[in-house]
Amino acid sequence: MLNGVLLLLACQLVGEAVARGAGLSVPGPVLGLALLAILLLRRPALHATVGPVAATLLSNLSLLFVPAAVGVVQLLPLLASEGLAIAGAILVSTAASLVATALTFRAVARLVGA
Amino acid sequence: MELDGVVTLWVYLRTSPLLWLTATLAAYALADELQRRLGRHPLANPVLLAVAALVLVLAATRTPYATYFDGAQFVHFLLGPATVALAVPLAAKMNDVRRLLVPMIAAVVVGSIVAIITATATAWALGASPATLLSLAPKSVTTPIAMAIAQQIGGTPALTAVLVILTGITGAVMVTPVMNALGLTDYAARGFAAGVASHGIGTARAFQVNERAGTFAGLGLALNGLITAVLAPLLVHLWQRLM
């Protein structure tokens with residue numbers, strides 16, 4: 001448990017340091033994700049170290065978005081004045097993006113025989 | 001306890017991080033239990049329910065968001081390590097991922113362009129202000145990348161942060177019915193679309209359904225962050241030249 005948490009935090013820390021240091025627009029945790037994936041592929045034994053902590057975090061992933069989401073309260077006046085345009089844009093665009101992504105995935109997978 | 005005592009206690013608790021940390025976990029635990037009892041119905045999204053409950057409580061107690069966030073930040077902090085943790089299912093499914101690399105890259109490019117164009121075009125048709133249009137362009141990608149893009153193209157990063165959350169909840173609610181309507185049964189394609197269209201909140205929903213869907217959703221969220229950071233400024237520039 002302790003070593004698993006340490007490994008996650010260390011990967012994030014290296015990711016943050018590289019992202020800031022090199023002035024990349026990629027967020028530190030995304031670089032940390034890439035680093036941990038490389039480590040796991042090189043040394044599969046690390047799965048036993050980090051697996052249980054990762055499973056706990058990912059099975060409660062929705063919870064982690066709640067504090068940021070409550071930030072909606074700060075923009076209620078703007079959301080009220082342009083509410084229709086914003087709601088319309090989000091509904092149409094989210095549905096369109098879901099459909100376009102999934103159908104392209106399926107079509108190209110069939111094309112390349114994957 | 002007399003009324004004065006209750007008031008004093010409330011004044012103390014209201015500003016302590018413990019109260020709002022506990023309230024966040026309690027609201028989510030209740031929302032999650034409610035969704036479980038409703039057979040994991042997508043409309044009863046736990047983020048949506050928990051946020052609605054907390055917004056009402058903050059409004060009723062006149063608590064500023066900054067006070068709330070002092071407590072809730074401990075949960076918020078875990079988003080970083082959780083993002084890193086996405087590497088675990090990814091590494092475990094590496095063969096599956098390698099095999100589907102070409103379909104993923106094609107799908108993320110199409111999904112990113114469709115998200116940017118349909119969001120800005122719909123808002124424009126419905127009379128949104130230019131600042132709102134530019135803030136909407138990167139709304140499908142994860143918050144830190146979306147805010148950086150908004151800054152770069154002249155949108156409002158704080159507004160983008162909220163639009164990102166609203167998009168995430170919308171995607172998490174929509175993904176199951178939309179995929180069922182399309183007759184898509186492959187959890188790689190379903191999950192990947194959830195991650196591309198609705199980043200981490202869509203990914204959380206995908207993990208709730210199936211681990212393979214969650215893994216591909218995590219890839220969709222990471223790839224779309226990279227692609228949109230390149231495409232959004234290009235498309236905005238093109239649009240400004242045409243108008």
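Helix H7 of chain A and helix H8 of chain B run roughly antiparallel to each other, since their axes cross at roughly 160° and any angle over 145 degrees counts as roughly antiparallel. The two axes come within 7 Å, and H7(A) passes H8(B) in a right-handed crossing. Sorted by class, the residues of this contact are 19 nonpolar, eight polar and no charged. Keep in mind as you look around that this is a predicted model.

**Where the two chains meet**

- Chain A brings 64 residues to the contact between the chains, and chain B brings 90 residues.
- On the side of chain A that touches chain B, the elements giving two or more residues are helices H1 (2-21), H2 (28-42), H3 (46-59), H4 (61-64), H5 (66-69) and H7 (83-111).
- Which helix gives the most to this side of chain A? H7(A) does, with 24 residues.
- By class, this side of chain A has 48 nonpolar, 14 polar and two charged residues.

**Chain B as a whole**

- Along the principal axes, the C-alpha atoms of chain B fill a box of roughly 70 × 45 × 30 Å.
- Chain B has 243 residues, and 50% of them count as buried.
- Among the contacts in chain B with a separation of 6 or more, 63% join residues 24 or more positions apart.

**The nonpolar core**

- The largest nonpolar core holds 109 residues.
- The members that touch the most other members are A:Val66, B:Val47, B:Ala85, B:Ala87, B:Ile165, B:Phe192 and B:Ala193.
- Helix H11 of chain B (residues 157-182) supplies the largest share of this core, 14 residues.
- Take a look at B:Ile165: leaving aside its neighbours within four places in sequence, B:Ile165 is in contact with A:Phe65, A:Ala68, A:Ala69 and A:Val72.

- In chain B, the axes of helix H8 (residues 101-125) and helix H12 (residues 187-209) come within 10 Å and cross at roughly 35°. The crossing of H8(B) and H12(B) is right-handed.
- On the H8(B) side, this contact is made by B:Met104, B:Ala107, B:Val108, B:Gly111 and B:Ala115. On the H12(B) side you will find B:Phe192, B:Ala193, B:Val196 and B:Ala197.
- The residues where H8(B) meets H12(B) are eight nonpolar, one polar and no charged.
- In chain A, the axes of H1(A) and H3(A) come within 8 Å and cross at roughly 85°. That makes H1(A) and H3(A) roughly perpendicular to each other, because angles of 65 to 115 degrees count as roughly perpendicular.
- H1(A) takes part in this contact through A:Asn3, A:Gly4, A:Val5, A:Leu7 and A:Leu8, while H3(A) uses A:Thr49, A:Val50, A:Pro52 and A:Val53.
- By class, the contact of H1(A) with H3(A) has six nonpolar, three polar and no charged residues.

- B:Leu86 is in the loop between helix H5 (79-85) and helix H6 (87-92) of chain B. Is B:Leu86 buried or exposed? B:Leu86 counts as buried because 30 C-beta neighbours lie inside 10 Å, and 20 or more are enough for that label.
- Not counting residues up to four places away in sequence, B:Leu86 touches A:Leu33 and B:Gly218. B:Leu86 and B:Thr203 are 117 residues apart along the chain, and their C-alpha atoms are separated by 9.9 Å.
- B:Arg62 has a phi near 50°, a positive value in a residue other than glycine. You can find B:Arg62 in the loop between helix H3 (46-60) and helix H4 (65-77) of chain B. B:Arg62 is exposed because there are 8 other C-beta atoms within 10 Å, and 12 or fewer count as exposed.
- B:His199 also has a positive phi, of about 35°, although it is not a glycine. B:His199 has its place in helix H12 of chain B. With 31 C-beta neighbours inside 10 Å, B:His199 counts as buried.

Definitions and conventions:
Residues are numbered from 1 along each chain as its sequence is written. Chains are lettered from A and ligands numbered from 1 in the order in which they are written. This is a predicted model: local features need pLDDT of at least 70, side-chain atom pairs count only at pLDDT 80 or more; totals for chains, interfaces and linings use all residues. A nonpolar core is a set of buried Ala, Val, Leu, Ile, Met, Phe, Trp, Tyr and Cys residues joined through C-beta atoms within 7 Å. Helices (H or I, at least four residues) and strands (E, at least two) are DSSP runs, numbered from the N terminus. Two residues are in contact if their C-beta atoms, placed from the backbone, lie within 7 Å. Ala, Val, Leu, Ile, Met, Phe, Trp, Tyr, Cys and Pro count as nonpolar, Asp, Glu, Lys and Arg as charged, and the others, Gly among them, as polar. Axes are lines fitted to C-alpha atoms, for helices over the stretch in contact, and angles run from 0 to 180 degrees between N-to-C directions. A crossing is left-handed if the near helix is turned anticlockwise from the far one by less than a right angle, and right-handed if clockwise. Angles under 35 degrees count as roughly parallel, over 145 as roughly antiparallel, 65 to 115 as roughly perpendicular and the rest as oblique.
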